[in-house]
Every structure is written in structure tokens, then in C-alpha cells.
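This report covers a pocket and a few selected residues. The sequence and the model come first.

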Amino acid sequence: MNNLAQEKKYKKIITALSIIIPVAVACLFGVNLRSLGFNVEPLKFLPPIYASINGLTAVLLIAAVIAIKKGNKKLHEQLNTVAIACSLLFLLMYIAYHMTSDSTSFGGEGIIKYVYYFILFTHIVLSIIVIPFVLITYMKAKLGKFPEHKKIAKKTFPIWLYVAVTGVIVYLMISPYYV
């Protein structure tokens with residue numbers, strides 16, 4: 001299969017995933033297995049784990065940029081592949097937690113409440129927006145289209161880093177209110 005045909009195939013997959021993932025998360029977020037009568041234990045141990053995975057993703061992204069600036073393409077690719085795996089693992093744990101546990105309300109008051117909701121809102125919106133960016137950036141590299149990869153990576157990196165870092169911040173801000 002030639003490069004153009006491969007890219008066309010990948011773009012269809014990327015488009016599908018960019019729609020399916022947020023829709024599936026939104027649907028599953030509203031499903032609570034305990035409310036449906038299933039005898040499952042709340043997975044209350046997951047939030048600090050998936051917050052740590054978000055932190056690890058941020059570190060991996062920064063390390064990947066350092067690796068490519070030093071000319072180490074192989075390490076750069078490996079770090080980004082692990083960052084994608086971490087993001088997927090985060091997502092699976094996040095869904096599992098919310099399917100077994102009641103949502104936690106933020107208990108802060110005053111200006112901190114507005115700061116929290118601003119960070120949470122931008123985190124959620126950008127976590128949806130970044131999906132096609134990450135996948136396209138990765139595809140361009142896999143197809144050897146490095147000038148295009150580099151161009152889109154300059155947009156993908158700060159968005160993905162913001163999502164990873166704000167995931168940790170959201171956890172730290174809401175963790176005192178977990179029951």
C-alpha cells in the first residue's frame with residue numbers, strides 16, 4: 001500500500017476514534033454499575049493512580065522533546081508511544097472509577113471554586129481536542145512525513161502537556177473531598 005493510501009486509511013481511523021472515544025467516555029461516565037444493581041466495589045483507589053499516570057505522561061512528553069532536540073529519534077518515538085499508552089491507561093481507569101463510584105463534588109468556596117471549574121473545563125475540552133492531534137502527529141511520524149509531523153507536533157505538545165498537567169491539578173484540588 002502506498003503512502004497516500006495508508007494516510008487516507010489512517011485518517012478515517014483517526015476521525016472515527018476522535019468521535020468514538022469522547023462519545024463512549026461521555027456515555028460510560030453516566031453509567032454507574034452499582035446503581036444498576038451490580039454488586040461491585042467502588043474502585044476508590046484509582047484516582048491517585050490515574051492522576052500519577054497523568055503526571056508520568058507529562059514527564060514523558062517533556063523527555064520526548066528533549067530526546068528529539070538531542071537528535072535521538074528512537075528514544076523520542078519510544079517515549080511518545082509510552083505517553084500514548086499512559087493516556088489510554090488513564091482513560092480506562094477513569095472510566096472504571098466513574099462506573100463504580102459516585103461522583104465527587106468540589107467542596108471549595110469563593111475564588112478557588114471558579115479556578116477549579118476553569119481548570120476542569122479547559123482540561124476536559126482540550127482532552128477531547130487533543131485526541132486527533134496526537135493521532136495525526138503519531139501517524140505523520142510513522143509514515144515518515146517528518147516536516148508535517150514536526151509542524152503539527154508544535155501544536156500537539158502544548159495541548160497534550162496542558163491536559164496531562166491539569167489532570168494532576170484537578171486531582172489535587174478535588175482529592176480532599178473524596179469520601
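## Pocket and selected residues

Helix 4 provides the largest share of the lining of the largest pocket, 11 residues. Helices are DSSP runs (H or I, at least four residues), numbered from the N terminus. This is a predicted model, in which local features need pLDDT of at least 70, side-chain atom pairs count only at pLDDT 80 or more, and totals for chains, interfaces and linings use all residues. Residues are numbered from 1 along each chain as its sequence is written, and side-chain values use heavy atoms, with hydrogens and water left out.

Helix 1 (3–29), helix 2 (46–69), helix 3, helix 4 and helix 5 each give at least two residues to the lining of the largest pocket.

| Residue | Relative accessible area | Class |
|---|---|---|
| Thr104 | 18% | buried |
| Val115 | 34% | partly exposed |
| Ile169 | 31% | partly exposed |

Thr104 sits in the loop between helix 3 (73–100) and helix 4 (111–142). Leaving aside residues up to four places away in sequence, Thr104 touches Tyr97, Ile174, Tyr177 and Tyr178, where contact means heavy atoms within 4.5 Å.

Val115 belongs to helix 4. Ile169 lies in helix 5 (residues 146–174). Between Ile169 and Tyr116 the C-alpha to C-alpha distance is 8.7 Å, with 53 residues separating them in sequence.

Note on methods
Buried < 20%, exposed > 50% of the residue type's maximum accessible area, 1.4 Å probe, protein only.
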